[in-house]
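Reader: Hi! Could you walk me through this one with me?

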Amino acid sequence: MEITNVTEYDAIAKQKLPKMVYDYYASGAEDQWTLQENRNAFSRILFRPRILIDVTKIDMSTTVLGFKISMPIMIAPTAMQKMAHPEGEYATARAASAAGTIMTLSSWATSSVEEVASTGPGIRFFQLYVYKDRNVVAQLVRRAERAGFKAIALTVDTPRLGRREADIKNRFTLPPFLTLKNFEGLDLGKMDESSDSGLASYVAGQIDRSLSWKDVQWLQTITSLPILVKGVITAEDTRIAIQAGAAGIIVSNHGARQLDYVPATITALEEVVKAAQGRIPVFLDGGVRRGTDVFKALALGASGIFIGRPVVFSLAAEGEAGVRKVLQMLRDEFELTMALSGCRSLKEITRNHIVTEWDSPRTAIAPRL
């Protein structure tokens, strides 16, 4: 059966993958309210399309931190991709490069920064978890720099791992034939069996709960790479991030895997965009499954979006070809949404192209010629 949209890969991945692996990728924290809401919130934003505009030519290209990419659709960091497919992060890197977009490699990848770099050219970012041992962090950042990675996406919403009940029930652990490749040489590449989630125990043992804004500044002393702060959902933290020297913000709730009952990222986005005041770019991840979702995020002020689960699910289903297809489907849908909304370039996508529940009712608006 032909796959016609991104969401269809979920069911295929569920069939193909061991339960422990599928549940690890698919689940959210606790009641999974935010997991549902990340999707549902998009469906409450409606379009105000403009008609009779010549949409013969549509330009979706953009620049992110000065790097030109083919579309504002990028790949978010997702851990342990070789659990989904033997080629894991290699396949994802090749698919991103072929699509002319950015891949973010997880700290907890099952392929190292050097291995991913060896797949060939491409613009890649590195997602960083800050370990208690800062020498480990400094070493990892240096390796990412040497391997040609162009930015650090610093995850800031995980001083402790969220309570993911599926992982507890399944006693989740990294399959024995895999390692967290970036930490292999540091004796931090393996996850012990645990009475609950092996990953939760690993995080409790290794990840620094004392992480604070001063560490964001410390990071800038050890690398010249731009730092994206990933996991900001409030205006207050947006302002502090800018003061702390962040090059950009990723509005993220960690795929609804950390604190349940935070708002959907698409709901939190505008607050962050307004607080940033155009000083640094704001990106979004969480819940994007359609080209219409991409358009809605850009209309609310995002400079681009990142996709996570669609990558691991399509990887599980069809390897590199699956990830390529997800990127192509989202691209095609986004292009169509732009055309049907009367937008020929990203800069033509405005707040007036959408209406949200929190907008005041539109009474007589003075006509814009």
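Reader: Which side chain does the side chain of His 254 make a polar contact with?

Author: The side chain of Thr 158, at 3.2 Å; a polar contact is a pair of N or O atoms within 3.5 Å, one able to donate a hydrogen and the other to accept it, and residues adjacent in sequence count only through two side-chain atoms. Keep in mind that this is a predicted model, where local features need pLDDT of at least 70, side-chain atom pairs count only at pLDDT 80 or more, and totals for chains, interfaces and linings use all residues. Residues are numbered from 1 along each chain as its sequence is written, and side-chain values use heavy atoms, with hydrogens and water left out.

Reader: Is His 254 buried or exposed?

Author: His 254 counts as buried because its relative accessibility is 11%, and buried means under 20% relative accessible area (1.4 Å probe, protein chains only).

Reader: Nice. What is His 254 in contact with, leaving aside neighbours within four places in sequence?

Author: Tyr 129, Thr 155, Asp 157, Thr 158 and Arg 164, where contact means heavy atoms within 4.5 Å.

Reader: And what does UniProt place at His 254?

Author: An unreviewed UniProt entry places the feature "active site" there, at His 254; such annotations may be inferred rather than shown by experiment.

Reader: Switching topic: what about Glu 320, buried or exposed?

Author: Glu 320 is buried too, because its relative accessibility is 16%. Leaving aside neighbours within four places in sequence, Glu 320 is in contact with Ala 91, Arg 94, Ala 95 and Leu 315.

Note on methods
Buried means under 20% relative accessible area, exposed over 50%, partly exposed in between (1.4 Å probe, protein chains only).
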